[in-house]
Amino acid sequence: MSNVTINLPESVFSARRLSPEEFVRDMRLAAAIYWYQKQEISMEKAANVAGLNRRDFLAVLAREQVDVFAVDFDDLQSELNRGAHCLLSTHPH
């Protein structure tokens, strides 16, 4: 994992009433939502950027009233393929 350093004035933290750690979590989530809405990254990658699993990221999207039905068909196909593979591997014929 890469580390990124951003220098921000202290007033940013007090204006948002967040500790630096909370601010970083909030910034990661905001970036993930933004990039996901613009369809620049998949839901899986957005959840990863946000530091969440997909279920929790979906819950955040619902809470923030973000449309989750912007579907990237390549992403959907890979999800379907992964699901079919899991079904076949857990239920052999």
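Gln65 counts as exposed, because its relative accessibility is 73%. In this predicted model, Gln65 lies in the loop between helix 4 and helix 5 (73-90). Its phi is near 60°, a positive value in a residue other than glycine.

Arg17 is another residue with a positive phi. The value is about 55°, although Arg17 is not a glycine. Arg17 sits in the loop between helix 1 and helix 2. Its relative accessibility is 75%, so Arg17 counts as exposed.

**Overall make-up**

The protein has five helices and zero strands. Read from the N terminus, the order of elements is α-α-α-α-α. The chain has 93 residues, and buried residues make up 16% of them. Among contacts with a separation of 6 or more, 35% join residues 24 or more positions apart.

**Helix packing**

Two packed helices are described by the angle between their axes and the distance between the axes.

| Helix pair | Angle | Axis distance |
|---|---|---|
| Helix 2 (residues 20-37) and helix 3 (residues 43-50) | about 165° | 8 Å |
| Helix 2 and helix 4 | about 80° | 12 Å |
| Helix 3 and helix 4 | about 90° | 9 Å |

How do helix 2 and helix 3 run, roughly parallel or roughly antiparallel to each other? The angle is about 165°. Angles over 145 degrees count as roughly antiparallel, and helix 2 and helix 3 are therefore roughly antiparallel to each other. Helix 2 passes helix 3 in a right-handed crossing. On the helix 2 side, Arg28, Leu29, Ala32, Trp35 and Tyr36 make the contact. Met43, Ala46, Asn48, Val49 and Ala50 make it from helix 3. By class, this contact of helix 2 with helix 3 has eight nonpolar residues, one polar and one charged.

Helix 2 also packs against helix 4, at an angle of about 80°. The two helices are therefore roughly perpendicular to each other. Here helix 2 supplies Leu29, Ala32, Ile33 and Tyr36. Helix 4 supplies Phe57, Val60, Leu61 and Arg63. The residues of this contact of helix 2 with helix 4 divide into seven nonpolar, no polar and one charged.

Helix 3 and helix 4 pack at about 90°, with axes 9 Å apart. That angle makes helix 3 roughly perpendicular to helix 4. Which residues meet between helix 3 and helix 4? From helix 3 come Met43, Glu44, Ala46, Ala47 and Ala50. From helix 4 come Arg54, Phe57, Leu58 and Leu61. The contact of helix 3 with helix 4 holds seven nonpolar, no polar and two charged residues.

Tyr36 of helix 2 is in the contact with helix 3 and in the one with helix 4. Phe57 of helix 4 meets helix 2 and also helix 3. Met43 of helix 3 is in the contact with helix 2 and in the one with helix 4.

**Aromatic pairs**

How many aromatic pairs does a search of the whole structure find? It finds two.

One is Phe13 with Phe23, an edge-to-face pair. The ring centres are 5.2 Å apart, with 85° between the planes. This pair links distant parts of the chain: Phe13 is in helix 1 (residues 10-16) and Phe23 in helix 2, ten residues apart. Are Phe13 and Phe23 buried or exposed? Both are buried.

The other pair is Tyr36 with Phe57, again edge-to-face. The distance is 6.0 Å centre to centre, and the angle between the planes is 85°. Tyr36 in helix 2 and Phe57 in helix 4 (residues 54-63) are 21 residues apart, so here too the pair links distant parts of the chain. Both Tyr36 and Phe57 are buried. Tyr36 and Phe57 are also among the residues that bring helix 2 and helix 4 into contact.

**Lys45**

Lys45 lies in helix 3. At 54% relative accessibility, Lys45 counts as exposed. The C-alpha atoms of Lys45 and Trp35 are separated by 9.7 Å, and the two residues stand ten apart along the chain. Trp35 itself belongs to the helix 2 side of the contact with helix 3.

Methods:
Residues are numbered from 1 along each chain as its sequence is written. This is a predicted model: local features need pLDDT of at least 70, side-chain atom pairs count only at pLDDT 80 or more; totals for chains, interfaces and linings use all residues. Side-chain values use heavy atoms; hydrogens and water are left out. Axes are lines fitted to C-alpha atoms, for helices over the stretch in contact, and angles run from 0 to 180 degrees between N-to-C directions. Helices (H or I, at least four residues) and strands (E, at least two) are DSSP runs, numbered from the N terminus. Angles under 35 degrees count as roughly parallel, over 145 as roughly antiparallel, 65 to 115 as roughly perpendicular and the rest as oblique. A crossing is left-handed if the near helix is turned anticlockwise from the far one by less than a right angle, and right-handed if clockwise. Contact means heavy atoms within 4.5 Å. Ala, Val, Leu, Ile, Met, Phe, Trp, Tyr, Cys and Pro count as nonpolar, Asp, Glu, Lys and Arg as charged, and the others, Gly among them, as polar. Rings of Phe, Tyr and Trp (its six-membered ring) pair if their centres lie within 6.5 Å; planes under 30 degrees apart count as stacked, over 60 as edge-to-face and the rest as tilted. Buried means under 20% relative accessible area, exposed over 50%, partly exposed in between (1.4 Å probe, protein chains only).
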